[in-house]
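Please look over the sequence and the structure below before reading on. The report that follows takes up a few local features, one after another.

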Amino acid sequence: MMRKVAIVGAGMTSFVRRALETPKELSYQATKVTLDSCGLTLDDVDCIAHGTAPDAFDGLHQNGEYMVDGCGGWNKPTMRVYVGGGTGIHAVVHGWHHVASGLFDTCLVVCEEKMSSALPHAQAFFLTIFDSITERPLEPNLLWIFALEMNRYMERYGYTKEDMALVAVKNKQNGLKHPASQFSEKVTVEDVVNSEMMAYPVSRLDVSPVSDGAAAVLLASERVARRLTDKPVWIEGVGWSLDTAYWATRDLYYPRYTDTAARMAYDMAGIREPDKEIHVAEPYDPFDYKALHHLEGLQLSPRGKTVELLRDGHFDIDGNLPMCPSGGLLGVGNPIAAAGTMKVCELFWQLRGEAGQRQVPGNPRRGVAQSWGDLMQVSSVVVVGN
Amino acid sequence: MNKKVAIVGLGFSGFGTTTPDLSYREMIFEAATRCYEDAGGIHPQAIDSFVASSEDFMEGISIADEYVPDQLGAVLKPVHSITGDSLQGLASAMMQIKTGQQNIVAASAFSKVSNLSHHEHLVSYATDPVYIRPFNENPYFIAGLEMNRYLHETGTTRDQCAKVVLKNRYNALKNPGACYGARLELEDVTGAPALSYPLGIYDMSGHLDGAIVVLLASEERARELTDKPVWIKGIGWATDTPNLDSRIEGMGSAVYAKLASQQAYRMADINNPFNEIDFAEIDDTFSYKELQHLEALNLCGPGEAGRLLELGCFSPDGDIPVNVSGGSLGAGYLHEANGLQRLMEVILQLRGEAGPRQLLDVETGLAFAWRGVPTATGAAAVISTRP
Amino acid sequence: MEDTIKVAGGTGLTADDIKSGKIFLTEDSLDCAYAWDTGVAVNRYLAELKQGKIIATRCKKCKRTMLPPRLFCELCFIPCSNWQYVQDTGIVNTFSICHVHWDATRIGKDEKPHLPAVIEIDGASEGMGIMHLLGEVDPEEIKIGMQVKAVWKPEAERTGSIIDIKYFKPL
Ligand SMILES: [Zn+2]
């Protein structure tokens, strides 16, 4: 019998291109608003699980140590977890370990990213994610691997750039209703397809933006959760999986790391038919094609049939399986680690019927959030239910 | 969730000031292979989850987590990295088993600090970019500040700190995995050039390359895998504040060590650590740290550590032998793998595999690691031969 | 419906806020230098590249011929000491046409786009690709599945590096 763990509070900052606040201050704001949302203070928090992506963005070695006081970790057990871009959702898995292990009753999960400090551009620091000896001399940039993967995926199923653009249009449309969103403009398929070509087949609007922001959730054991709220959202399943670092030796058309991670989480949650048993999905969407790629890995859409379902409205807010009702990274913004946690916040609000204009109809009872990171090789999956 | 967790495998590789023969991935492969052999020849496919402890800047890689799976045999397995000391990584691995979702988890860490040209640059990049970095000082000035305040508050002497160096480097002569073993005189240490007054160059541990992998298992699986399990009775970690000027008890004390050990002792049901702990491997990144940590860990009273050291209390034949392995001063500093290096000696001693430095009749040991300047983070683990 | 979710902070700044001096910045550039030990397998790989050859290792258990070569098979988790030369030709598994430099600045008007690709090397096991560049090809003509061959630097200019191969060109 596993110990039951609930999400009892959630909160976030606005996502912006360049924030006035320092990384610590962003973390503080997300932490404070989360504690306020469930009427708690830092004294009620047993431990901190936090996350932030590459130290290189901040130019800070041991960035997790620097962040500690912003996350409320002063004089507490504090541990930073790291799976690159997947950190935002993985930190929730990491927080679940803290409470489900029986070591703690409450755990505050805080993720932050400030990408605007890096000059000339946060992207430059992605050169150093590649193998230092066999790849870096080629002067690669981050877009390469996504472009290579997107091209392979499209080629495999005969998808077009217009097909992929539909995701950007839909998510950005959803994001317009998110109070923390970085965007205020609607885009069309033509806008996306005709936006500046960065690395074929990736155009500028296929990509989520560079952002600053923070997001947090509070986890509690069953005993504490029942005392705090009559609407706890339970963590029913967690899974994560990391594929080989020799990324060029995998066939990029299918995210098998997502497949393995999802099966682990579904297994724990007792889910046999995910496409029927899950009512709302927040797959990781830093690029438009990625949302579809991940839906297939999450077993929420048959391989190669995802564009058809997308065109039929299957993934719309009022469709059979609403996808990224928050707007996702494309629609709200992508402060890397914080963006993942934002997806878990969204499921918390959706399952409690608190998502305002973005609310998925029909009282969704179960949701899945997934993130992706490292060298296109890791997925973390969280299944929640009420 | 009340599951007991055992350490069932230990493997290591490297342990040199340079290790040019192997890449870090090859070095970890060697350590992992030894660890899995030590656990009865388990294939990594049978391991449920893996935890690495690392810092990007140490490796010169953004997202060092990417390069973790292959050399541990963890392709398409649950893997994550903790950017912390490897005892925090151990805590993550242990918590995973206690949830009931995993039964066997590996924890790894390594140092290839020899591949890095200016480690002190990194240390200064860990200080506050607005308040501290503009001073443009060698970052070890922070250790100087701490040491001076510690001596002032407790009455501990400069010579007592130097005697930590003598003890640990002498102990290291019996450890084949130690690189800085030596028989020194007091004047060698006190007369050495200053690094940042009152800290001298011999008061700081030297760099070391190496990899360590340990394998953890739930009680049921532990009994199947090995006949020499040792048990993690308690674990704890804590952080004071990253702001140097607002630590809760000032620069002179190690609150993180107090909090981390309190958590570990509570879990292990230890009320009187001096009586219940047989020996300890305690962070001695700088000489004064061993004494400061001994007090914070409640292995002696405040201000007593220096005097007890001189009485031989912490020598291999003393009441509580401390850093029989040589510690970081004698063996070399393994950076994020520091905690696993402390733990490794505790495991070897408890199993009776510590060779010429084997202690007699030891049942319970303490491992404690600190994350180095400028941090105020530490982690403690109580390990025992009894479940 | 009432939006009950909690958002606080995240105050956006504009370029003007910074230009006008309203916002103070502390600038620093990092000075980190590394010399990575290449180890047994990659060292041999680089040494062979300097000779104009591509070498792989073969796992005796799963029989995979692996690129880049490794001291151990990460799946079988056993050492590999079986070296095997492979061809300097291969098949484009996927490619891109990239208009930005590594630091995200856009390439100049007169500059050609970069052509990164995953190339499955002939003689290695199926799917064993390496990342490299394409060259001597019209970007419009590149196709997944296309056969390519390495174009080496002149022997005197090779240093034992992955860029001893300048790029791969269509066969
Ligand atoms: Zn094999």
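## A loop in chain B

Leaving aside residues up to four places away in sequence, Leu173(B) touches Gly181(B), Ala182(B) and Arg183(B), where contact means heavy atoms within 4.5 Å. Leu173(B) lies in the loop between H7 and helix H8 (186-190) of chain B; helices (H or I, at least four residues) and strands (E, at least two) are DSSP runs, numbered from the N terminus. Leu173(B) and Gly326(B) are 153 residues apart in sequence, and their C-alpha atoms are 7.8 Å apart in space.

This is a predicted model, in which local features need pLDDT of at least 70 and side-chain atom pairs count only at pLDDT 80 or more, while totals for chains, interfaces and linings use all residues. Residues are numbered from 1 along each chain as its sequence is written, chains are lettered from A and ligands numbered from 1 in the order in which they are written, and side-chain values use heavy atoms, with hydrogens and water left out.

## Salt bridges

A search of the whole structure finds 54 salt bridges over all chains, a salt bridge being a side-chain nitrogen of Lys or Arg within 4 Å of a carboxyl oxygen of Asp or Glu. One of them is formed by the side chains of Asp131(A) and Arg25(B), at 3.3 Å from N to O. Asp131(A) lies in the loop between strand E4 (106-114) and helix H5 (142-157) of chain A and Arg25(B) in helix H1 (residues 24-38) of chain B, so this pair joins two chains. Both Asp131(A) and Arg25(B) are buried, where buried means under 20% relative accessible area, exposed over 50%, and partly exposed in between (1.4 Å probe, protein chains only).

The side chains of Glu196(A) and Arg106(C) also meet in a salt bridge, at 3.3 Å from N to O. This pair crosses between chains, from the loop between helix H7 (189-194) and E5 of chain A, which holds Glu196(A), to the loop between strand E7 (97-98) and strand E8 (116-121) of chain C, which holds Arg106(C). Glu196(A) is partly exposed, at 37% relative accessibility, and Arg106(C) is partly exposed at 38%.

Within chain B, Arg158(B) forms a salt bridge with Asp203(B), and their closest N and O atoms are 2.6 Å apart. The pair links distant parts of the chain, 45 residues apart, with Arg158(B) in helix H7 and Asp203(B) in the loop between strand E6 (199-200) and strand E7 (209-218). Arg158(B) and Asp203(B) are both buried.

## Backbone features

Most residues other than glycine have a negative phi, and most peptide bonds are trans. Cys324(A), however, has a positive phi of about 50° although it is not a glycine; Cys324(A) lies in the loop between helix H12 (306-311) and helix H13 (328-331) of chain A, and is buried, with a relative accessible area of 0%. Lys63(C), also not a glycine, has a positive phi near 65°, and this residue is partly exposed, with a relative accessible area of 47%.

The peptide bond from Tyr200(A) to Pro201(A) is cis, with omega near 5°, and Pro201(A) lies in the loop between strand E5 (197-200) and strand E6 (202-203) of chain A. In chain C, a cis peptide bond joins Leu67(C) and Pro68(C), with omega about -15°.
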